[in-house]
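Please look over the sequence and the fold.

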Amino acid sequence: QVQLVESGGGLVQAGGSLRLSCAASGMLFSLNTMRWYRQAPGKQRDLVAAISSGGSTNYADSVKGRFTISRDNAKNTVYLQMNSLKTEDTAVYYCNALTNSNYWGQGTQVTVSS
């Protein structure tokens, strides 16, 4: 059974940094594209960043140059380094893996105060 467990969220002031982690189990982690999504209150869940099995990355325009996605296949973990945080980055952040099914973590809250 695939499990995704996020951690690292919290409260930070605008301009600050956070690093999110997502530990995966029950899947062939190194073979799968991993994604981070976020959902703000009253809004849809949007893709933030993705990293392929080969390490190729892509980002939403709103986070380019500020966020970095990376992976450690030895630890079955994907990270999201978030720098220069803005109040509009406030959301619940979810880890996602699409294997034989679409799997989501439980989410981790990121709150950026002004």
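Asp61 is exposed, because its relative accessibility is 65% and the cut-off for exposed is over 50%. Asp61 forms a salt bridge with Lys64. The model is a predicted one.

**Salt bridges**

The structure holds 3 salt bridges. They are listed here with the distance between the closest N and O atoms.

| Salt bridge | Closest N and O atoms |
|---|---|
| Asp89 and Arg38 | 2.9 Å |
| Lys64 and Asp61 | 3.1 Å |
| Arg66 and Asp89 | 2.7 Å |

Which residues do salt bridges with shared partners join into one network? Arg38, Arg66 and Asp89. Asp89 sits in the loop between β8 and β9 (91-98), while Arg38 belongs to strand β4, so their pair ties together parts 51 residues apart in sequence. Arg66 lies in the loop between β6 and β7, so its pairing with Asp89 links parts 23 residues apart in sequence.

Arg66 is buried at 10%. Arg38 counts as buried at 14% relative accessibility.

Strand β4 (residues 34-39) runs antiparallel to strand β5 (residues 45-51), and 6 bridges join them. Gln39 stands opposite Arg45.

**The open sheet**

Four strands make an open sheet in the order β1-β3-β8-β7, with antiparallel pairing. β1 (3-7) and β7 (67-72) stand at the edges with a single partner strand each, so one side of each has no neighbour in the sheet. The twist averages 15 degrees from one strand to the next. β7 pairs with strand β8 (residues 77-82) over 6 bridges. In that pair, Phe67 stands opposite Met82.

**A buried loop residue**

Asn32 lies in the loop between β3 (18-25) and β4. Asn32 counts as buried, because its relative accessibility is 13% and the cut-off for buried is under 20%. A polar atom of the Asn32 side chain lies 2.8 Å from the backbone oxygen of Leu28. Beyond residues up to four places away in sequence, Asn32 touches Met27, Ile51, Ser52, Ser53, Arg71, Leu98 and Thr99.

Technical notes
Residues are numbered from 1 along each chain as its sequence is written. This is a predicted model: local features need pLDDT of at least 70, side-chain atom pairs count only at pLDDT 80 or more; totals for chains, interfaces and linings use all residues. Side-chain values use heavy atoms; hydrogens and water are left out. Two strands pair if DSSP finds at least two bridges between them. Helices (H or I, at least four residues) and strands (E, at least two) are DSSP runs, numbered from the N terminus. Axes are lines fitted to C-alpha atoms, for helices over the stretch in contact, and angles run from 0 to 180 degrees between N-to-C directions. Buried means under 20% relative accessible area, exposed over 50%, partly exposed in between (1.4 Å probe, protein chains only). A polar contact is a pair of N or O atoms within 3.5 Å; within protein, one must be able to donate a hydrogen and the other to accept it, and residues adjacent in sequence count only if both atoms are side-chain atoms. Contact means heavy atoms within 4.5 Å. A salt bridge is a side-chain nitrogen of Lys or Arg within 4 Å of a carboxyl oxygen of Asp or Glu.
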